[in-house]
Amino acid sequence: MKAIVFEDIGKFAVKDVLMPKVKKATDLLVRVDACSICGTDVHILSTPPGVNAKKGIILGHEMVGTIEEVGNDVKGYKPGDRIVIDNNIPCGYCEECQTGHYNTCLNMYAKGVDSDGVFAQYVVVPDSAATKVPATLPDDLAVFAEPVNCCMGGIQKLGTMMPGQTAVVLGGGPIGLYYLKLLQLKGAGKVFVSEVSEYRSKYATDMKATRVINPAKENLAQIIKKETNGYGADIVIDTVGTLLNDALACVRASGTILLFGLNGNARQTICQSDIATRNISILGSYIGHFTFEPTIQLLSSGLVDFRNMITHRLTLDEFGVGLDAMRKGEALEVVLYPNK
């Protein structure tokens with residue numbers, strides 16, 4: 001079968017590789033109907049890499065597919081079922097897993113980072129990673145399940161959010177736009193988006209952001225203070241992974257900062273006293289946490305439709321085209337169709 005293989009730092013190849021097989025009794029062999037390039041994939045292929053992946057693996061982790069074959073012990077799935085997957089596979093036996101925190105599993109491995117991913121015609125996954133997709137949910141919307149699920153994990157962390165509160169989303173890429181829509185659904189009175197790219201800013205405007213602010217040209221903190229009667233935002237979400245100081249400048253006293261974006265190479269200097277004396281809550285959110293089923297319900301509900309964010313629909317052979325477009329900031333969501 002055809003697949004996108006991570007060869008070395010900054011290098012990938014479109015290769016013919018052996019088709020995977022069901023080996024374990026709980027395995028599912030899945031035909032990949034659609035998959036999408038994520039910021040994580042771009043980080044893996046950056047020089048130096050922002051995310052360290054195992055050389056020689058098949059890349060990719062966002063997908064929707066159809067089950068072709070199941071292992072002998074699989075009970076909840078059958079050939080023909082459409083599924084999405086959680087690419088982060090917990091061990092199930094460490095203390096984190098046993099206390100209900102599987103998203104911080106000590107032995108977790110990730111499809112497309114530590115083991116073969118979904119940028120291929122077929123993939124094998126454990127049945128524990130699968131969530132069924134209703135027939136009424138099209139591939140071009142179901143393919144958003146994994147990243148939206150991660151954002152749903154962040155929204156879950158903001159459980160005390162009250163209708164009418166003001167929020168700021170730092171970063172207007174796909175993740176920032178998911179958060180924009182989810183905050184609106186949660187009842188935020190105003191949602192501001194900070195984004196330097198005019199290309200991405202247009203999408204945030206079209207999705208009814210209260211205001212899109214370019215921090216390279218405007219004083220972000222000053223504008224947020226003015227828009228909130230001098231107080232600052234109730235909630236600030238950093239979707240980039242390098243903007244904690246911007247978040248601290250925008251959040252009100254007794255407000256909440258959600259750190260979601262990841263950049264392993266970034267380092268920041270902060271004033272801890274400022275956090276303590278202003279009674280600010282800082283939350284970290286990593287992937288989803290029992291939120292895949294609610295995510296599928298959301299995508300199926302008609303309340304959201306992210307298909308307008310798909311800027312490229314490509315074959316596996318055209319992966320490089322999509323990757324270059326993302327690197328240049330000329331793409332938002334790039335969807336690949338491995339079997340077309």
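This tour visits a pair of helix contacts and then a pocket.

The model is predicted, so local features require pLDDT of at least 70 and side-chain atom pairs pLDDT 80 or more, whereas totals for chains, interfaces and linings use all residues. Residues are numbered from 1 along each chain as its sequence is written, and side-chain values use heavy atoms, with hydrogens and water left out.

**First stop.** Select helix α4 (residues 145-157) and helix α10 (residues 292-301), which pack at about 115 degrees with axes 9 Å apart. Helices here are DSSP runs (H or I, at least four residues; strands are E, at least two), and axes are lines fitted to C-alpha atoms over the stretch in contact, with angles from 0 to 180 degrees between N-to-C directions. α4 and α10 are therefore roughly perpendicular (65 to 115 degrees). Show A145, E146, V148, N149 and M152 of α4 against F292, P294, T295, I296, L298 and L299 of α10; contact means heavy atoms within 4.5 Å.

**Second stop.** On the α4 side, the contact includes P147, C150 and I155, and on the α5 side Y178 and L182.

**Third stop.** Move to the second largest pocket, with a volume of about 490 Å³. Among its 21 lining residues, K21, D27, K111, V124 and V125 are the closest to its centre. A pocket is an open set of points on a 1 Å grid, fitting a 1.4 Å probe, with protein on both sides within 12 Å along at least five of seven lines; lining residues have an atom within 4 Å of a point. The volume is the space filled by probe spheres set on the points, which are joined across faces, edges and corners. Finally, select strand β8 (residues 122-126), which gives the largest share of this lining, five residues.

Conventions
Angles under 35 degrees count as roughly parallel, over 145 as roughly antiparallel, 65 to 115 as roughly perpendicular and the rest as oblique.
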